[in-house]
Structures are given as structure tokens and as C-alpha cells.
Amino acid sequence: DIARLMITLKRMVRQAATLHANATAEAINFIRTPLRQRTQLKTDYFLQSLHRYRFFSKFNIIRRKQLINVLKHETVPDKATVFTQGDVGEKFYIVLDGYAHVLFQEGPNQPERVVAKLRFGDHFGEHALLQPGGRRNATVRAYSGQLDLMVIHHDDYSRLLKQWAAENDRTAFVEFLQRLPLFSGVDPTVVNQLTYKMEIRKLQANKVVFSPGQPAHHMHIIYSGKVL
């Protein structure tokens with residue numbers, strides 16, 4: 001009957017809340033644990049839990065491991081401000097637990113209005129980190145209790161982005177080499193290792209690569225452009 005169904009639903013809600021609270025506590029404990037003290041078992045468990053956060057879904061397992069090494073934890077009291085519209089962006093946030101309002105102010109004398117609500121799994125603040133000196137385009141404030149956040153600092157985020165961009169460039173270079181007859185049939189691992197011995201040089205138009213009679217010290221492969 002309806003009464004029994006309601007009791008079952010309430011029990012399921014309590015169980016879900018308990019599971020979420022336990023998972024949040026375990027995540028906070030892991031993030032606060034120094035890198036050298038993290039066990040492989042705990043690390044693997046935390047990595048598996050990241051599927052609950054949309055932000056991590058766009059990264060492969062290698063990059064997720066790099067990201068969790070720079071995560072920090074912050075607690076924001078109820079009604080306290082995470083950051084204010086116009087602030088310089090220094091951190092990126094992922095909601096571990098709690099709720100927050102995103103507030104926008106049209107002008108100095110205009111009232112704030114709620115334009116979005118954030119909850120578990122949501123992330124915010126990334127836009128300001130993608131440009132040097134980027135400003136926050138809204139205010140974020142905790143509401144309905146304490147707000148627990150995973151935090152990535154601007155310096156760590158920028159360093160990882162540069163590292164990943166270099167890795168993407170190297171991957172593209174490896175794929176380019178594998179299309180050449182010279183490297184056809186060569187194991188991809190060997191080709192990848194060879195790229196660490198190679199140097200990419202950018203030459204201006206009309207620049208001489210080498211002249212007749214010069215000792216041959218290097219082999220050249222045209223990555224882009226033309227020679228005469």
C-alpha cells in the first residue's frame with residue numbers, strides 16, 4: 001500500500017544519503033593525504049569514484065592521475081562567498097558536497113540575482129583560469145549549509161595544460177612519422193622513443209638548411225613546408 005511504499009522510499013533516501021556522506025568523507029580524506037602516504041588501493045578507489053564528476057569524464061586515466069595529484073580540499077561555511085564577481089581567477093572548483101548559488105550583478109548599484117545553482121558533481125571557475133589575469137564573471141556563495149570543494153590552483157592547472165599540449169604535439173609527430181615509408185613497419189613504441197632524440201627546427205623562408213661539401217651530421221625530415 002501507499003504507507004509501506006513511503007516507508008521504503010524514505011529508507012532508500014536515507015541509505016543514499018549515508019552512501020554519499022561516506023563517499024564524500026573518503027574523498028576528503030584521500031585529498032588531504034600527502035602524496036607519499038597514499039596507497040595504490042586508495043588511489044585506485046578514488047580514481048574509480050571520479051566517474052561521478054562530469055569534469056573528469058573528458059580526461060583519460062593518465063591525466064586523471066595527474067589531476068588528483070594537484071587537488072586540494074576547501075570548506076566554505078554556509079552563506080560564505082567562494083569568490084566575488086570581478087575577482088582575479090586563481091582557483092578552479094568541483095563541488096564535493098553542499099550547495100552554492102551563482103549570482104550576477106548588472107552594475108555597481110544593482111542587486112545580485114541568482115543565475116544558477118550548483119550541487120554535488122558540478123564544477124565552476126574554469127573560465128577565468130584559461131586566460132592570464134582572467135576575472136570572475138559572477139559571484140559564488142554557499143547556501144543551505146557547509147560547502148565542500150575540490151580545488152585546483154591556477155599554477156597547477158596551467159602547468160598541466162602546457163604539459164598536455166606538448167604531449168598532444170608529440171603524439172601528432174609520432175603519427176606523422178609512422179605515415180612515412182622510412183618508418184613503415186617500425187614498432188610505434190620505437191618511433192615514440194626516437195622522437196625524444198629528434199629536434200624540431202623552424203626555418204624562415206630562404207634560410208639555407210645545408211650547403212654542398214658540408215659534413216653530414218644530421219638527417220632532415222620535412223614536417224611542414226617546402227624546400228628547393
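## Packing of α5 and α6

The crossing of α5 over α6 is right-handed. This description rests on a predicted model. Helix α5 spans residues 154-178 and helix α6 spans residues 188-195. The two pack at an angle of about 120°, and their axes lie 10 Å apart.

On the α5 side, the contact is made by Arg170, Phe173, Val174, Leu177 and Gln178. On the α6 side, Pro188, Val191, Asn192 and Thr195 take part. By class, the residues joining α5 to α6 comprise 5 nonpolar, 3 polar and 1 charged.

## Packing of α1 and α2

Helix α1 covers residues 2-32, and helix α2 covers residues 40-49. Their axes are 11 Å apart, and the helices pack at an angle of about 125°. The angle therefore places α1 oblique to α2. The crossing of this pair is left-handed.

From α1, the contributing residues are Glu26, Ala27, Phe30 and Ile31. From α2, they are Lys42, Thr43, Tyr45 and Phe46. The contact of α1 with α2 divides into 5 nonpolar, 1 polar and 2 charged residues.

## The two pairs side by side

Two packed helices are described by the angle between their axes and the distance between the axes. For α5 and α6 these values are about 120° and 10 Å; for α1 and α2 they are about 125° and 11 Å. The handedness is right-handed for α5 with α6 and left-handed for α1 with α2.

Technical notes: Residues are numbered from 1 along each chain as its sequence is written. This is a predicted model: local features need pLDDT of at least 70, side-chain atom pairs count only at pLDDT 80 or more; totals for chains, interfaces and linings use all residues. Side-chain values use heavy atoms; hydrogens and water are left out. Axes are lines fitted to C-alpha atoms, for helices over the stretch in contact, and angles run from 0 to 180 degrees between N-to-C directions. Helices (H or I, at least four residues) and strands (E, at least two) are DSSP runs, numbered from the N terminus. Angles under 35 degrees count as roughly parallel, over 145 as roughly antiparallel, 65 to 115 as roughly perpendicular and the rest as oblique. A crossing is left-handed if the near helix is turned anticlockwise from the far one by less than a right angle, and right-handed if clockwise. Contact means heavy atoms within 4.5 Å. Ala, Val, Leu, Ile, Met, Phe, Trp, Tyr, Cys and Pro count as nonpolar, Asp, Glu, Lys and Arg as charged, and the others, Gly among them, as polar.
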